[in-house]
Amino acid sequence: MENNSNNLGLFQAVKGSIAALLEIGKTRAELLLTEVKIEKQKVMSAMIFGVVGAFCLLLFFIMLVAVLVIAFWNAKIYILAGFAVLFFVLSTMLFCKAKKLISKPSKFGDDSIAELQKDILLLKQELEKTTNQNG
């Protein structure tokens, strides 16, 4: 009878371990999806800064041409030159921001891997505990 109860205890332990593994897998998948969403937002932000920066650079060239065309008008040249400089500075700032976002090292998946390593360590400790108790 004792052998049968040991088998049932072992079966319950295996069943509990499988349930724990499934729960851990679900949690890790949710963490991974969260990290994917964060990376997606980062890439989208960099793309927006890049597009706006390109638009501002285009405006810089348009303003520069306009300044050259009307170079002999009195006060209008200073106004157009000021806007050209403004758009140039703005586009430079936006391109630098986009470059900074893209060049920052990504920590994609690092949290998931760290949590999985902790889980594996805990499972090994639990397995050692159960083997020491049974053995």
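Helices (H or I, at least four residues) and strands (E, at least two) are DSSP runs, numbered from the N terminus. The structure is a predicted model, in which local features need pLDDT of at least 70 and side-chain atom pairs count only at pLDDT 80 or more, while totals for chains, interfaces and linings use all residues. Residues are numbered from 1 along each chain as its sequence is written, and side-chain values use heavy atoms, with hydrogens and water left out.

The chain holds three helices and zero strands, and its elements run α-α-α from the N terminus on. Confidence is given as pLDDT, the predictor's confidence in each residue, from 0 to 100. For this chain the mean pLDDT is 79, with 84% of residues at 70 or more. Helix α2 (residues 76-103) has the highest confidence, at a mean of 85, and helix α3 (residues 110-134) the lowest, at 72. Where pLDDT is low, the predicted coordinates should not be read in detail.

Next come surface and contacts. Accessible areas come from the Shrake-Rupley method with a 1.4 Å probe; for residues, only the protein chains shown count as cover. The accessible surface of the chain comes to about 10,800 Å², and carbon and sulfur atoms hold 72% of that area. Buried means under 20% relative accessible area, exposed over 50%, and partly exposed in between (1.4 Å probe, protein chains only). Of the 135 residues in the chain, 16% count as buried. Contact means heavy atoms within 4.5 Å. Among contacts in the chain with a separation of 6 or more, 81% are between residues 24 or more positions apart.

Helix α2 is the place of Ser-91, which is buried, with a relative accessible area of 0%. Beyond its neighbours within four places in sequence, Ser-91 is in contact with Gly-53, Cys-56 and Leu-57. Val-89 also lies in helix α2, but counts as partly exposed, at 42% relative accessibility. Val-89 and Leu-57 are 32 residues apart in sequence and 8.9 Å apart in space, C-alpha to C-alpha.

Ile-77 is another residue of helix α2. Not counting residues up to four places away in sequence, Ile-77 touches Val-67, Ile-70 and Ala-71. Between the C-alpha atoms of Ile-77 and Leu-64, 13 residues apart along the chain, the separation is 9.9 Å. In helix α1 sits Leu-31, partly exposed at 25% relative accessibility.

On a 1 Å grid over the protein atoms alone, a pocket is an open set of points, where a 1.4 Å probe fits, with protein on both sides within 12 Å along at least five of seven lines; lining residues have an atom within 4 Å of a point. Eleven residues line the second largest pocket, and Ile-38, Glu-39, Lys-42, Ser-106 and Lys-107 lie nearest its centre. Helix α1 (residues 2-69) gives the most to this lining, with four residues.
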